[in-house]
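Have the structure open as you read.

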Amino acid sequence: MQLEAIQHALRAEKLDGWLFFDHHRRDPLAYRILGLPDALQPTRRWYYLIPAEGEPVGMVHRIELRMLDDLPGKRVSYSQWTEQQQCLADILRGLRRVAMQYSPECAVPYVSMVDAGTIELVRGSGVEIVSSADLVQLFEATWSAEQRDSHYEAGRLVDEIRRAAFQEAGRRLRGGEPVNEYAVKKFILDAFERSGLVTNHGPIVAVNANASNPHYEPEPERAAEIHAGDLLLIDLWAKLRRPAAVYYDITWTGCCATEVRSEMHNVFAIVREARDAAVERVRAATASGQVLRGFEVDDAARGHIVQHGFGDYFIHRTGHSIGSDVHGAGANMDNFESHDERRIIPRTCFSVEPGIYLPQFGIRSEVNVYVGEREASVTGEAQTALLRFGCGV
């Protein structure tokens, strides 16, 4: 746990403390930020207060007295529910503004881990609760140099597998072999295994109208066949099989045709331009030292799609934070599903993935953007035109 850095951040945010709470491992953020062992399995409530000044204090049940032994500071214990409430009031006495894993109106669900009853209990002690979203981003979403390197290494492998997947679909079509979405999905997963990559689920392999379902995944019993003239979308994400590795997450689209329909070309061009407008917004702000927030990046991409008359067909946020979880705990590029006001900070990464989803087909183009101290860059290959595969191409 980075105690000194956390206390410095609390003072910078004019907060009196950060109160962590858990019961039955409801809050994975708490365990990662505090550096608690994965083996801990609490069956009773624990609290851990890091004050902006002074010594932390942990509060544990008497039948789990050693639950927080790995953390510095004092300990208090309780057994009865009345004693729990009194002990909590005691450790909070004198504090005015305290951060917790809470988000007003659940605007940032990745951070909204504390239940409403516990929020009521803490507020009953006279404390104002502030969202820990910016603190979580600072201590959970920022990457080490080793994590950054793992992302680039995973990206190189995933890009190779993505190319091979489209080539495999094309090879089977040219050879007259039947091929469906699930066969391509299995080809990708087998390649992940051989390359030392892991993923939590997926990938998305979607033909035509299925590509208009952003979270579609083929299964053996419901996988569409791929034919000449079809549009194929592949969204794949993976990380290296090593501790603390972070994900790489991309989406590409192609068409199995020698001549691609003009409507598909047009939609792809609008999506690509929206993607590039969002990336350029991040690059320019980072280079100039301008404060940039997640919702502003969404505005850059969405505004371009709306301007071209497809706003009703862009049905999700522009991007999400990327970390050890593919959907990380940092700022999302979102002014649609939520109004994400979190700052985009150095040493974080996120996807930029606008899409247009029409009844007949959907197109999404996704890249990852890493933000350094004064520069931001796309971390892998960026698609510039619809792929053409199979059918003699």
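## Ser103

In this predicted model, is Ser103 buried or exposed? Its relative accessible area is 5%, and the cut-off for buried is under 20%, so Ser103 counts as buried. You'll find Ser103 in the loop that runs between strand 5 (97-100) and helix 4 (116-123).

What does the side chain of Ser103 reach? It gets to the backbone nitrogen of Ala107, at 3.2 Å. Setting aside neighbours within four places in sequence, Ser103 also has contacts with Val108, Ser112 and Ser131.

## The cavity

Now for the empty space. Rolling a probe the size of a water molecule over the atoms shows where such space is left. How many cavities of 30 Å³ or more turn up? The count is 1, and the volume of the largest cavity is about 50 Å³.

## What lines it

The lining of the largest cavity is made up of Gln137, Ala141, Ser321, Gly330, Ala331, Met333, Ile344, Thr348, Cys349 and Phe350.

Strand 12 gives the most, with 3 residues.

Definitions and conventions:
Residues numbered from 1 in each chain as written. Predicted model: local features only at pLDDT ≥ 70, side-chain atom pairs only at ≥ 80, totals over all residues. Heavy atoms only, no water. 1 Å grid on protein atoms, 1.4 Å probe; cavity = no way out; pocket = protein on both sides within 12 Å on 5 of 7 lines; lining within 4 Å. Points joined across faces, edges and corners; volume = space filled by probe spheres on them. Helix = DSSP H or I, 4+ residues; strand = E, 2+ residues; numbered from the N terminus. Buried < 20%, exposed > 50% of the residue type's maximum accessible area, 1.4 Å probe, protein only. Polar contact = N/O pair within 3.5 Å; in protein donor to acceptor, adjacent residues only side chain to side chain. Contact = heavy atoms within 4.5 Å.
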